[in-house]
There are 4 protein chains.
Amino acid sequence: MNIETLKNLLKRSYAPYSNFQVAAIAIDEDGKEYHGVNVENAAYPSGLCAERSALFGSVAYGGKVGTFKEIHIIAKKLDEISPCAGCRQVMTEFMPMDALVYQYSNDGSKVRINKLSELVPYPVHMKDIQ
Amino acid sequence: MNIETLKNLLKRSYAPYSNFQVAAIAIDEDGKEYHGVNVENAAYPSGLCAERSALFGSVAYGGKVGTFKEIHIIAKKLDEISPCAGCRQVMTEFMPMDALVYQYSNDGSKVRINKLSELVPYPVHMKDIQ
Amino acid sequence: MNIETLKNLLKRSYAPYSNFQVAAIAIDEDGKEYHGVNVENAAYPSGLCAERSALFGSVAYGGKVGTFKEIHIIAKKLDEISPCAGCRQVMTEFMPMDALVYQYSNDGSKVRINKLSELVPYPVHMKDIQ
Amino acid sequence: MNIETLKNLLKRSYAPYSNFQVAAIAIDEDGKEYHGVNVENAAYPSGLCAERSALFGSVAYGGKVGTFKEIHIIAKKLDEISPCAGCRQVMTEFMPMDALVYQYSNDGSKVRINKLSELVPYPVHMKDIQ
């Protein structure tokens, strides 16, 4: 994962309503990278965050749900970013709980790294509903 | 909040696809209770969880976003329940981070109580996007 | 359904991000009214529209999914409103296809009434996925 | 768009909860194809349909919101498919209203083609909320 690639990805964000650009790169167990940006909608609840665009979009191209080992995220306007909890729920299906979430400052100079388990204590998983 | 009321609420859950019934009672700063159950949809992503049904549904009846002090949840089939992270994101808008989430066993005999801050470390708030 | 009640409901909308207030009143087969407003979230996709807040919120209070006969909607800033298609998907679970959607001008002086079947041609229903 | 490619894409669907596999290929104005499958989640509302996975996932790779001219969809178990209305709302942001939605039978032998305007009468667009 190249931080310049991640920063450049911000230009592809579609955020005409919030003007809040976010980009994400998710990496599966084979080291393959999948890119995503946030994509908004006139009906706000029908938009999608960058993290989820990267993850959901990956599956048709061979991304294996449950095996992702890293996700890297950045926001154009934030010195400190965290994924929204809606995205965290999707991460719990795509990644083991010890997978790493890299959260960069907007200039890429700083990063906070958390295990997914640190962002989603007491997760809800498939075993819980079946 | 009466645990029998919460347990009885499970009967109103509409979960024909998962057969996984959940109920929630959210309480605002005035002590007023708002009820919710999960409501599914043939297009699975278009359904909604019990916690969010209680919170979103409250606002038209006077529930004030940002002031809720407690939410109580139960699932018919779970000895230990946690709210999904999608619901946790909505809670961060409805509740201060020290509000309490009561998570009951299905027979109501046990409860795990967490501050919202324990369920959503590093939350995303309005101040972050504006 | 009283149009003044619907207009007054707009005051309860929580729309600090879009400043676009919407209200809805859904009516079940017994004539009971359920109210809803749009409720936004700092993470835009985690918000919910007024129509869905009214419908989802109703179930814990006795609203029967599949039996709603009318829904009435209004937006503070729109002379002509339509429900977003995300809400229409939820309506197809809550209402028969000949149920009526009342779409008011913001001053309440005009209304366009459509059968749900006119707003969702070729709907997706439970029978399709089972 | 090759129908065999679309049918083969079904194998990548992640649908352990519904066992209802769907695939989609969206095509932008330059003729570039973007693939998607449905991806479910233990918390059902946190999953995503194939059509939206294809569209949202495309943007980081150069897909231009507003310019898509076609989307092709298929479901493993359906002789006749339609996109859910949640997906239709996203299509209204990604495609002009005269763009075409190709809805195939599961064996690929039949197709119903609709303009987006036929699937979403009275759409909600950006101009409506600003």
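Predicted model: local features only at pLDDT ≥ 70, side-chain atom pairs only at ≥ 80, totals over all residues.
The side of chain A that touches chain C divides into seven nonpolar, two polar and two charged residues, with Ala, Val, Leu, Ile, Met, Phe, Trp, Tyr, Cys and Pro taken as nonpolar, Asp, Glu, Lys and Arg as charged, and the others, Gly among them, as polar.

Residues are numbered from 1 along each chain as its sequence is written, chains are lettered from A and ligands numbered from 1 in the order in which they are written, and side-chain values use heavy atoms, with hydrogens and water left out.

Staying with chain A and chain C, 11 residues of chain A are in contact with 11 residues of chain C, contact meaning heavy atoms within 4.5 Å. The two chains bury about 810 Å² between them, 73% of it on carbon and sulfur atoms; buried area here is the accessible area, with a 1.4 Å probe, that two parts lose on being put together, summed over both.

How is chain A laid on chain C? A turn of 180 degrees with a shift of 0.0 Å along the axis does it, with an RMSD of 0.0 Å, the copies being superposed by least squares on the C-alpha atoms of residues with pLDDT of at least 70 in both. That is the relation of a two-fold axis. Of the residues of chain A, A:Pro45 comes closest to this axis, with its C-alpha at 1.9 Å.

Now let us turn to chain D and chain A. Here the contact takes 36 residues from each of chain D and chain A, and the buried area is about 2800 Å², of which carbon and sulfur atoms give 62%. Across this interface the rule finds 12 residue pairs in polar contact, both residues at pLDDT 80 or more. On the side of chain D that touches chain A, β2 (33–37), α2 (50–58), α3 (85–94) and α5 (126–129) each supply at least two residues, helices being DSSP runs of H or I of at least four residues and strands runs of E of at least two, numbered from the N terminus. The largest share, five residues, comes from β2(D). Because 100% of the interface residues of chain D are also interface residues in chain A, the copies meet through the same surface.

Finally, the UniProt record, an unreviewed entry, gives the annotation "binding site" to A:Cys49, A:Cys84 and A:Cys87; its positions are in the numbering used here, feature names are shortened, and annotations may be inferred rather than shown by experiment. These residues span 39 residues in sequence, yet no two of their C-alpha atoms are more than 8.4 Å apart, so they gather at one spot. A:Cys49 lies in the loop between β2 (33–37) and α2 (50–58) of chain A.

Terms used:
Polar contact = N/O pair within 3.5 Å; in protein donor to acceptor, adjacent residues only side chain to side chain.
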